[in-house]
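Hi,

Here is the structure I promised to pass on to you. Have a look at it first, and then read on for what turned up in it.

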Amino acid sequence: KRIYGRISNLMHSNSKNTTSTLPFTPSQQEPPSNPPKDQAKQSSKQSRKEQATMTSLNSLEITPDTYLDFNLAPNELTSRTTLTLRHPGHTDDHIAYKIKTTQPRRYLVRPNQGMIAPGGSDTVSILLIEKDKQILLQSYEKLGQTGLDHSKDKFLVQSCVVSSAFSSKLTKDSTELYEALTSMWNSVSNKDSQASVSHRKMHVRHQVVDNSPTSPANGSKTVAKSFKREASSQANVDTMSTDQLKSELTNLRRKYDDLVSFSMNLTAERDILSNTLEQTKRDYNREQATRSALESKQGAGAKAAGGSSSMLPMILLMIIVAIACFFLGMKLASDGGAAALESVPVLNQLINTDETAQPVAAGTDEL
């Protein structure tokens, strides 16, 4: 027992010394401080944070922020809504914006691009074309509100910070500013561009509002009547009180808005008709070019066929003459008139050859 106890103590002390000399056991080794995956995750998170920061600097405060509601009323000339864009003031630079839609022929956006100073705001008017409004009303009459709830029309508001040199163009002519903004957005939309652009998508909702029925076709008559009332009211301006003047001013503003909407509607219809006319002209010119090319090919084929057909009578005439000469020679030979043909050198040789060959044929017959 004593020997066994000493051996066990020695083994235990040796095991302690062995483990103390080892730097780390396999389970106690320190993990690597920065694995590659963790580094990639940290860099991606940092880039996302930077991108979110840049997007917040580029973004505008939009009202409304999610949906654009269009009220469809049969008695109104146009259905429109407004979009308010405000510079939040996170940066001292101007912010440029551009508005796009999935239905450019259905909606008229004014203005569709511009620049906003720090702390400033712009109001964008979006007009629904009367033709598409009537189509939506017909869909509502057939299917009800469910026919309008699943609208796929969308708007996209893009914004980005511009330099102070570019923002100085804000004081220039509107045409030059529009061209500069158009070229700037074309360059930003390029895939190779590294500019940070904020995107905000907005959906469209159409709702029918029941009002007193009035035909939309009488819109111009309504505007004309309103101007007649305005002319008659101007004569009584001197006798009006302050409240009456305020109400009259409100009516004039409303009429002016109706007139602007009506003119914008006509402008949109004109643009659509001009685009359709240009497309029709291009299709017509393409069809005319195709038809002329086909006719030229057919003409060349007819000429080739005509040339080959013109040679056919000559060939037939030559064959007929050759056959006639053959039978004429046979007849002369049978009638004994071959002596008249001996004066021709070539025919003389042929005739003599035939005569020398006749006795041999006769001798063979006798034998």
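Let me start with a rule for rings: those of Phe, Tyr and Trp (its six-membered ring) pair if their centres lie within 6.5 Å, and the pair is called stacked with planes under 30 degrees apart, edge-to-face over 60 and tilted for the rest. By this rule there are two aromatic pairs.

Before we look at them, please keep in mind that this is a predicted model, where local features need pLDDT of at least 70, side-chain atom pairs count only at pLDDT 80 or more, and totals for chains, interfaces and linings use all residues. Residues are numbered from 1 along each chain as its sequence is written, and side-chain values use heavy atoms, with hydrogens and water left out.

Back to the rings. How many aromatic pairs are there? There are two, and one of them is the tilted pair of Phe-70 and Tyr-107, with 5.3 Å centre to centre and 40 degrees between the planes. Phe-70 belongs to strand β2 (residues 67–72) and Tyr-107 to strand β5 (residues 107–110), so this pair ties together parts that are 37 residues apart in sequence. Helices (H or I, at least four residues) and strands (E, at least two) are DSSP runs here, numbered from the N terminus.

Phe-155 is buried, as is Tyr-107. Phe-70, Tyr-107 and Phe-155 form one aromatic cluster.

Strand β5 has a place in a sheet as well. Four strands make an open sheet in the order β1-β3-β7-β5, with antiparallel pairing. Two strands pair if DSSP finds at least two bridges between them. Why is one side of β1 (61–63) and of β5 left without a neighbour in the sheet? Both stand at the edges with a single partner strand each, so one side of each has no neighbour there. Strand β5 and strand β7 (residues 121–128) run antiparallel and are joined by four bridges. Tyr-107 has Leu-128 of β7 as its bridge partner.

Two more residues are worth a look. Ser-159, in strand β8, is buried, with a relative accessible area of 3%. Setting aside residues up to four places away in sequence, Ser-159 touches several residues, including Asn-58, Tyr-97, Trp-185 and Ser-198, where contact means heavy atoms within 4.5 Å.

Asn-71, in strand β2, is partly exposed, with a relative accessible area of 39%. Its contacts beyond four places in sequence are Glu-76, Ser-79, Gln-207 and Val-209. The C-alpha atoms of Asn-71 and Gln-207 are separated by 5.0 Å, although the two residues are 136 residues apart along the chain.

Finally, the whole protein: nine helices and nine strands make up its secondary structure, and 21% of its 367 residues count as buried.

Enjoy exploring!

How values were computed. Buried < 20%, exposed > 50% of the residue type's maximum accessible area, 1.4 Å probe, protein only.
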